[in-house]
Amino acid sequence: MSDVITQTQTEAAGETRHMNMIEAINSALDVMLTRDPDVILLGEDIGYFGGVFRCTAGLQEKHGKTRVFDTPISECGIIGVAVGMGAYGLRPVPEIQFADYIYPGLDQLISEAARLRYRSAAEFIAPMTVRSPFGGGIFGGQTHSQSPEAIFTHVSGLKTVVPATPYDAKGLLISCIEDNDPVIFFEPKRIYNGPFDGYYDKPAKSWKGRDDAQVPDGYYKIPLGKARMVTDGDALTILAYGTMVHVAQAVCEAKGVDAQILDLRTLVPLDIEAIEASVRHTGRCLIVHEATRTSGFGAELSALVTERCFYHLEAPVERVTGFDTPYPHSLEWAYFPGPVRIGEAIDKILQD
Amino acid sequence: MASANDAKGHNRPPLRLHVPEPFYRPGDAVDFSHVTIPPAGAQPRPDEACPARDTYPLCDDLIRVLGEDNQAHGPWDPRLAPETLRQMLREMALVRAFDNRMYRAQRQGKTSFYMKCTGEEATSVCATHALDADDMIFPSYRQQGCLIARGYRLTEMINQIYSNRADKLKGRQLPIMYCSKRLNFFSISGNLATQLPQATGFAMASASKGDSRIAATWVGEGSTAEGDFHSALTFATVYNAPVIFNVINNQWAISSFSGFAGAERANFAARAIGYGVAGLRVDGNDPLAVYAAERWAADRARSNGGPTLIEHFTYRAEGHSTSDDPSAYRSADEGSEWPLGDPVNRLKNHLIAIGEWSEAQQDAQDAELDTMVKEAQKEAEKNGILGHGLHHPFATMFEDVFEELPWHLKEQSEQAIRERQIKWPEDPAE
């Protein structure tokens with residue numbers, strides 16, 4: 001089973017301090033802007049203002065206007081110029097302000113960035129990292145809450161990454177920026193400021209005091225394609241990513257379920273070894289994601305687990321997901337795949 | 001509930017939907033008298049560093065240098081040396097010879113598809129001469145002239161067209177979708193106008209690094225309707241990117257005439273106006289005018305004057321591609337009646353008029369170029385033609401999706417190799 005980072009790498013990264021996910025992302029961008037003069041940041045409101053979620057705060061002041069700058073409101077333009085910058089030899093890090101806005105830029109991502117290496121037989125590459133806040137739980141309505149990861153995992157040539165902790169966010173983002181393939185880096189905005197346990201009517205939690213929010217100041221990487229074991233357990237495997245890692249963990253704690261929770265971290269490339277090892281160990285598998293159900297990434301996970309671990313399974317693979325409706329503003333907490341939906345699925349899997 | 005306006009006799013005029021229709025359809029006689037052609041040399045040439053708005057009168061004009069007398073006229077005359085003119089003539093003629101032979105090769109079943117640029121040779125060859133060799137070209141699919149002007153080997157081009165084992169794009173791209181990093185010729189996309197924001201991004205990157213390279217990109221007039229066109233112009237003007245947008249108005253986007261891209265209301269050069277970008281409208285069949293306009297835009301970009309949009313007013317003398325039959329939608333006489341003539345003939349006639357060329361030399365050169373293309377074709381055919389087995393090894397299908405092969409592609413690659421052994425057991429292992 002894969003984990004994380006070696007002690008030596010962490011030591012090399014210098015002093016650690018508490019950071020929330022926004023600060024960790026800011027730190028990763030700062031480290032990479034400092035280390036590599038070819039890294040360039042662009043996106044709506046990211047420059048002087050520092051981004052609507054403040055992820056790029058202070059970076060323009062520190063690194064200059066030609067390396068960190070605002071763009072017109074044009075996702076197709078933002079991603080399209082990033083392809084050209086990559087062809088020149090830069091490593092652009094475009095920000096799409098909300099994942100819901102990414103659709104006008106889809107052609108440049110899917111037909112251009114993702115296929116440039118293939119169609120040019122590696123003469124040209126598009127080494128870009130598209131950062132975008134995604135997911136629900138912040139009363140964003142149907143245009144500020146979507147989880148479109150399945151669209152991207154379906155595309156040949158794109159990598160899809162979703163961090164769940166500040167420590168991972170920084171280490172994974174640095175890996176993405178150094179990667180020579182185009183990557184979509186989805187930032188679960190519900191957990192920018194603190195892990196969310198799914199109990200919307202209880203006070204928000206903070207990253208303070210948690211080990212996974214102790215982040216080195218310097219440079220370190222978490223390799224893409226390696227899952228993180230969140231809790232070790234024997235009763236069932238839970239496959240999750242982003243906000244849902246924390247919700248699933250809180251449900252298991254509340255119910256006293258001995259689950260092995262895998263935070264997938266990267267959907268493409270996927271850590272199939274970790275998934276297989278875990279499901280073969282527990283014999284039961286629950287998949288949790290926020291995105292709508294039909295043709296969601298959970299369907300792919302379920303198929304893989306069934307194909308590869310069928311004779312080790314003691315119960316059908318279950319999926320907990322969002323519903324196949326747009327995200328409703330006023331009924332957000334009815335939509336969100338929270339403790340009740342996850343709890344019922346766990347009960348069902350364990351009773352078989 | 002019915003609105004009050006549904007009642008008979010209400011006094012508002014009925015609205016009408018306008019669907020554009022070209023002037024001529026198959027069987028119609030052609031009359032291009034509606035095309036305004038100003039005299040050569042009559043157009044003013046503003047300084048390259050002028051404000052963009054000073055170019056706007058030129059967006060509604062037509063920059064021309066070569067007159068009916070085959071002489072160069074006016075302030076846009078680039079005053080090129082005869083050797084340069086002969087070189088451009090040679091390359092345009094080579095493009096035409098190449099197109100003719102590759103068209104036949106497609107008809108002979110040696111490849112799936114081909115696209116000629118007959119009548120448009122000046123818009124790529126002469127424009128490329130106005131750029132420096134390290135300037136980046138973001139082409140559309142009818143810019144074979146850019147590669148030829150940069151000296152790309154014909155055999156390499158034909159290998160790509162045949163998708164054979166020597167095709168350095170490993171048989172993945174449609175014929176004519178070339179790519180050469182060495183010659184600063186970007187990979188061609190089948191999705192239209194995507195290269196415009198990319199060219200702008202390249203130009204922005206060059207500017208941000210304090211480099212001196214500029215970018216030039218080509219797009220058909222039909223594709224100016226794509227969102228990418230508007231994104232690119234917005235980014236280019238916002239960041240004053242050193243980029244040239246060449247809009248090839250060849251009148252037809254497959255079977256849709258330029259009216260479907262808005263030509264009935266405004267010239268394509270006029271698209272520059274709303275963005276604050278310099279705009280030039282050029283006789284695209286006048287090799288000297290094309291060179292001069294491109295050179296003006298390149299000098300402007302290189303001196304931080306910003307982007308320029310050039311509309312090359314030309315005519316697609318052949319079908320869109322080998323899959324297209326233009327006789328089904330346009331008058332058969334359009335190509336021969338096009339009032340701006342043929343770019344190869346115009347440059348040839350100019351060189352003869354100034355005593356630097358002759359019909360005999362032209363005939364000899366045409367024969368020489370034809371032989372050259374024929375030999376390149378023979379050379380390429382040693383590496384195979386499409387569908388004849390001499391393609392890249394099987395496993396290359398899975399290469400270059402990512403920098404490294406991930407587990408799922410490894411598994412699929414093994415599956416493909418197993419299938420291959422079952423489907424084609426007689427093939428030697430690759």
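At 39% relative accessibility, A:Arg280 counts as partly exposed; here buried means under 20% relative accessible area, exposed over 50% and partly exposed in between, using a 1.4 Å probe and protein chains only. Helices (H or I, at least four residues) and strands (E, at least two) are DSSP runs, numbered from the N terminus.

A quick word on the model: it is predicted, so to speak of local features needs pLDDT of at least 70, side-chain atom pairs count only at pLDDT 80 or more, and totals for chains, interfaces and linings use all residues. Residues are numbered from 1 along each chain as its sequence is written, chains are lettered from A and ligands numbered from 1 in the order in which they are written, and side-chain values use heavy atoms, leaving out hydrogens and water.

## The chain A sheet

Chain A has an open sheet of five strands in the order β9-β11-β10-β13-β14, with mixed pairing; two strands pair if DSSP finds at least two bridges between them. At the edges are β9 (228–231) and β14 (318–322), each pairing on one side only. From one strand to the next, the twist averages 25 degrees. Axes are lines fitted to C-alpha atoms, for helices over the stretch in contact, and angles run from 0 to 180 degrees between N-to-C directions.

Strand β10 (residues 236–240) of chain A runs parallel to β11 (residues 259–263) of chain A, and five bridges join them. A:Leu236 stands opposite A:Ala259, and A:Ala240 has A:Asp263 as its bridge partner. Helix α10 (residues 272–282) of chain A packs on this sheet, touching β10, β11 and β13 (285–292), with its direction at about 170 degrees to that of β11(A); contact means heavy atoms within 4.5 Å. Helix α11 (residues 297–309) of chain A also packs on the sheet, touching β10, β13 and β14, at about 160 degrees to β13(A).

Where do the side chains of β10(A) point? A:Leu236, A:Ile238 and A:Ala240 go one way, A:Thr237 and A:Leu239 the other, and all are buried. In a regular strand the side chains alternate between the two faces of the sheet.

## The chain B sheet

Chain B has an open sheet of five strands too, ordered β1-β2-β3-β7-β6 with parallel pairing. Its edge strands are β1 (136–138) and β6, each pairing on one side only. Strands β3 (residues 243–249) and β7 (residues 308–313) of chain B pair in the parallel sense over six bridges, with B:Ile248 opposite B:His312.

## Two helices tied together in chain B

B:Arg90 and B:Glu368 meet in a salt bridge of 2.8 Å, N to O. B:Arg90 lies in helix α2 (residues 82–107) of chain B and B:Glu368 in helix α11 (residues 359–381) of chain B, so the pair ties together parts 278 residues apart in sequence. B:Arg90 is partly exposed at 21%, and B:Glu368 is partly exposed at 39%.

B:Asp370 forms a salt bridge with B:Arg101, the closest N and O atoms being 3.8 Å apart. This pair also links helix α11 and helix α2 of chain B, across 269 residues.

Definitions and conventions: A salt bridge is a side-chain nitrogen of Lys or Arg within 4 Å of a carboxyl oxygen of Asp or Glu.
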